[in-house]
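Biologist: I have not looked at this one before. Can you take me through it?

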Amino acid sequence: MKIPMSSPIITDADRQAVLEVLNTPNLSIGPRIEAFERAFCNLTGAQHAIGVNSGTAGLHLCVRAAGIKAGDLVLTTPFSFVASANVILFENAIPVFVDVDPLTGNIDTDQLNRAAEDLSLGGDLARQWLPRQLPEGCEEHLGAVKAILPVDVFGQPADYDHINAIARRYNLAVIEDSCEALGGAYKGQPAGTLGDFGVFAFYPNKQITTGEGGMIITNDPDAANFMRALRNQGRAPGDTWLQHTYLGYNYRLDEMSAALGLAQLERLETLLENRAQVADWYAKHLAKIDRVSPPGLADSTTRVSWFVYVVRLDASINRDRLAKILEHRRIPVRPYFSPIHLQPYMVKAFGFQLGDFPVTEELGKRSLALPFSGAMTEEMVVEVCQALAEALPASEVSASGR
Ligand SMILES: *Cc1c(COP(=O)(O)O)cnc(C)c1O
């Protein structure tokens, strides 16, 4: 049985929806994106939704809308997919990483609070939170802390009661990277609506897919208008096709993608239930295996939107050796996440070192994403768990004489 790392579920209705677009002259900037945006407002209760061609593009527009400029500081997490930090670099702003909570992998709000306070005081207190090395010219012209960019890791919202309290105290914007959490909830509130801006993504491994795509939601009408303009090459309302009020981008979501997204969104509940069922099967079958723990859930998570299934391995297991053995048995796995601060370009730009964010590094070393999608059967889950159990003894740290 071939088990893929992830796989989208595409139905005949999805195919039909895309085909219908191809029989119209409107392949971009048409009725489908508007309908897709309206559907997101209805789903989340947000007042504005802006469709874009990737989650990364959506996050970038939020960074621009929050007024983040070169040299400004943005508090964020190193335990994420790189895009959440990259959008800060796109504007030559500086990511101030804050380590994460070991249970959930979400930003640690006690440390976040201390970071925000120390940065507001300045001097040596502030310096300890900043990267070791700053880009040329930044040392003299260091901007203010402008925003917090938390990530809802693996489908579980971060702790927004605390994040928003800190944001209010220090007058910061909150950009919620909810690219992994569509359908999740924090104390009953939908993921994506917990900060000033929320962003979802629709790459094929996400809860719904458009191939490539993303959606921003916000209740701020001015920011929404600005982001709509930036998405469309900087054309403000009233601009003609060749008039550009702002420096913008082509971040538009095309009509075929929007049609697919709309069709998928109509089945969101079913898609989420399928995924939750697979997560339940994993929990059941992993319970019999020592030294492998299921994902940790916070009490504040009233609904997990299962995005990936990431287990944590005991310290006696060499994760990379285990991954190799499993790959050999044609069970695909991934080391989620490889810490952002240790990516080569980050080390080069900011001088981060191993040991800078110990919880993130530990999670990065001990975590393994198992194959996961709503299309998996219980048989597949059993096969993965069996392979895992069998591979564990040969993956012990001592097995190679270390
Ligand atoms: C998927 C994802 C994104 C955005 O991804 P795109 O591929 O640009 O759509 C951003 N942040 C996180 C945490 C993600 O998982």
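Modeller: What follows goes from an annotated lysine to a pocket and then to some helices.

Biologist: What should I know before we start?

Modeller: This is a predicted model, where local features need pLDDT of at least 70, side-chain atom pairs count only at pLDDT 80 or more, and totals for chains, interfaces and linings use all residues. Residues are numbered from 1 along each chain as its sequence is written, and side-chain values use heavy atoms, with hydrogens and water left out.

Biologist: Which feature does UniProt place at Lys 206?

Modeller: The unreviewed UniProt entry gives "modified residue: N6-(pyridoxal phosphate)lysine" at Lys 206. The "active site" annotation in the unreviewed entry also covers Lys 206. UniProt positions are in the numbering used here, feature names are shortened, and annotations may be inferred rather than shown by experiment.

Biologist: Where does Lys 206 lie?

Modeller: Lys 206 is in the loop between strand S8 (197–201) and strand S9 (214–218). Helices (H or I, at least four residues) and strands (E, at least two) are DSSP runs, numbered from the N terminus.

Biologist: Is Lys 206 buried or exposed?

Modeller: Lys 206 counts as buried because its relative accessibility is 13%. Buried means under 20% relative accessible area, exposed over 50%, and partly exposed in between, with a 1.4 Å probe and protein chains only.

Biologist: What does Lys 206 touch?

Modeller: Not counting residues up to four places away in sequence, Lys 206 touches Cys 179, Glu 180, Ala 201, Arg 275 and Phe 307. Contact means heavy atoms within 4.5 Å.

Biologist: On to pockets. How many residues line the largest pocket?

Modeller: The lining of the largest pocket has 27 residues, and Phe 81, Tyr 203, Asn 205, Lys 206 and Phe 307 lie nearest its centre. A pocket here is an open set of points on a 1 Å grid over the protein atoms alone, where a 1.4 Å probe fits, with protein on both sides within 12 Å along at least five of seven lines; lining residues have an atom within 4 Å of a point.

Biologist: Which helix gives the largest share of that lining?

Modeller: Helix H3 does, with three residues. H3 (55–65) and helix H4 (83–90) each supply at least two.

Biologist: New topic. Which residues of H14 are buried?

Modeller: In H14, Met 380, Val 381, Val 384, Cys 385, Ala 387, Leu 388 and Ala 391 are buried. They are on the same side of H14, because they cover an arc of only 160° around the axis. The arc is that of the directions from the helix axis to the C-beta atoms. On the other side of H14, Glu 379 and Glu 390 are exposed.

Biologist: What do the buried ones pack against?

Modeller: The buried residues of H14 pack against helix H10 (268–286), strand S10 (292–293), helix H11 (319–328) and strand S13 (367–370).

Biologist: And Trp 281, which helix is that in?

Modeller: Trp 281 is in H10. At 18% relative accessibility, Trp 281 counts as buried. Leaving out residues up to four places away in sequence, Trp 281 touches Met 376, Thr 377, Glu 378 and Val 381. Trp 281 and Met 376 are 95 residues apart along the chain, with their C-alpha atoms separated by 9.9 Å.
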